[in-house]
Amino acid sequence: MIRKDSPLEHSAHAAIDMAEPRALLDRFATLTRESGSDDERRAGEYIAGRLRALGVPLTVHEPELFLSIPERSELRVVDGPNGAQASIRSRPPAFARPTGATELTGELLYVPSRYAGGTADLFDTPLAAVSTGGGADPVAGRVVLTEGYSMPGVVHAFERRGAIGQIYIHPGAAIHEGICTPIWGAPTHESIQRKPRTPVVCVSHPDGDRLIALANAGRTTVGIRTWLKEGWAPCLLPVAEIRGAEDPDEFILVHGHYDSWYVGIGDNATGDAALLELARVLDGLRDRLKRTVRVAWWPGHSTGRYAGSVWYADHFADELDEWCVAHLNIDSPGCTGATAYEEVMWMAEAAEVCIDSIADASGTFAKGMRPLRAGDYSFNQIGPTAFYMLLSNIPQEERKARGDYAVGGCGGSPTWHTPDDGPAVADLDVLGRDLRIYLTTILRVANTPLHPFDYGATMAEIAAAVGRYQEAAGGDVDLDPIVEDLRALRADWGRWRNDAERAVADAPGDAARRRRLNATIRRLARILVPLNYARGERFDHDPAVKLPAVPRLEAAALLAGAPAAMRPFVRTALVRERNKVRAMLREARRLLV
Ligand SMILES: [Zn+2]
């Protein structure tokens, strides 16, 4: 039962004042918040300074983060058909291999691909990058030219096939900044091996067309030079804390990144402004807030692959594991023209609280999607429930009519990750409406006696995925036991939740019991969230490549297509994963007896 305290929500909405957000946006419009830079530090100090001035309790951490800052690149056609030569504007993504002055030269090979259709497939690895069609691979030893953003899955796939350099053609006239490493946050001595090994550059669509024409006309040799600054750098990481009045150990983590490409107003100064206003409003209401709210601003998102939130996950793992009720990510809210809530991410268990909060706070019906393996969702392997990342967007219909292509922020505006992401991208009215949504959702999660998440919906989502895997495995490995486990677990959960609701309603003053019951709900989440969203161990960080639901069982989807000689190996892997999943589900059932 979700507690909707209308007078409290009304007070919170009435307390929103756009003065603080406006001042932050004005200040951030003067700061190029590249991680590890003076401007980023000034931004961190600005946030900390405002919180101190407002009297909101805060801690400023100063972690050393592993970053790769793209400086510049040079791309030239050394020798094309009929002796063609050209110099082509390009940008390297973070974590491309730096060549420095030593130019890499190689023969250009065009591998036709496609552009992402929307947010949901932004991180897909196009088939063009993985299929070799048998025989000698033409990619080996060549510089690949292909369409799309230089996402880690595709960059890695071409490296595996032996590409020596990579050129990505962006969908429009602009070159969008980005990052190509699959390593999530700081590398370990093992994962550092997965750092990209080739120089990678991105070019505009018109320039890409010129290169394609050359490659199609005949043998074309290109030269690439890349300069990036890679290494560890200290960054500020401010965290405000508004203590709850009833169950202060239990906390909701509300967070977003404050580093940016260029001055990054839509991505993510608007989010930083929202976080600051949330901290201010919630602090004013702290006597009526039952649980604690932590508000965190991350550095290292853009050039460290979420390095700030990963550092926090690593260094506050115990508290997150034990006490984190849920986390809410804020990226690119409040952008001009963003009137729709059509691609809002939430985990299945949070669907009801998100849909209701958005409807009540904005009068809009939101459409949800499964959170991508992206953004600062660095906590899935600890296991709190999560919701939101991008929130309001320019309506899809409108973007289609304009001919806009898919981007990963700025409310869908093509200014994303370019120098054009300036003050005009922000709209304070839209940001005000997004703030009402955030406040409504936070207050409901903070003040509902029993954590308001429907894990029955999560179990249904997991069961549906297992069903698909079962079908894909075609009886080769029997996943029926998992289906049965899930059926039993859902029944257990339904009973347990009813009993718990009744117990809390019967004795609302029994804080000890309420806390015990909520602790059980959090333990359940610590099993179900990693099961649904992670492939690796708890407290680790899976690579930044697309993961399907219940990724542990993905081997099932490979079985049918695997060459006959490979099938026994895939089957072996799947049997082991089935065992792990069953053990997790047994653990879950034990919590609910
Ligand atoms: Zn962002």
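**Entry 1: the metal site.** I began with the zinc ion and found it coordinated by His257 (NE2), Asp267 (OD), Asp331 (OD) and Asp331 (OD), at 2.0 to 2.4 Å. Donors here are N, O and S atoms within 2.8 Å of the metal (3.2 Å for Na, K and Ca), and water is not among the atoms, so sites may look incomplete. In sequence I noted the donor residue spacing as H-x9-D-x63-D. His257 sits in strand β10 (residues 247–257) and Asp331 in the loop between β12 (324–329) and β13 (344–345), so this pair, 74 residues apart, links distant parts of the chain. Helices (H or I, at least four residues) and strands (E, at least two) are DSSP runs, numbered from the N terminus.

**A note on the model.** I reminded myself that this is a predicted model: local features need pLDDT of at least 70, side-chain atom pairs count only at pLDDT 80 or more, and totals for chains, interfaces and linings use all residues. Residues are numbered from 1 along each chain as its sequence is written, and side-chain values use heavy atoms, with hydrogens and water left out.

**Entry 2: the angles.** Why is the arrangement around the zinc ion irregular? I found that the 4 donor atoms subtend angles of 55 to 139 degrees. Four donors count as tetrahedral if all angles lie between 85 and 135 degrees; four count as square planar and six as octahedral if opposite donors are over 155 degrees apart and all others between 65 and 115; anything else is irregular.

**Entry 3: buried or exposed?** I checked His257, which is buried at 1% relative accessibility, and Asp331, which is buried at 6%. Buried means under 20% relative accessible area, exposed over 50%, partly exposed in between (1.4 Å probe, protein chains only).

**Entry 4: an arginine.** I then turned to Arg522 in helix α15 (residues 511–533). Arg522 is buried too, with a relative accessible area of 3%. Which residues does Arg522 contact, leaving aside neighbours within four places in sequence? I listed Glu250, Glu322, Trp323, Cys324, Val325 and His451, where contact means heavy atoms within 4.5 Å.
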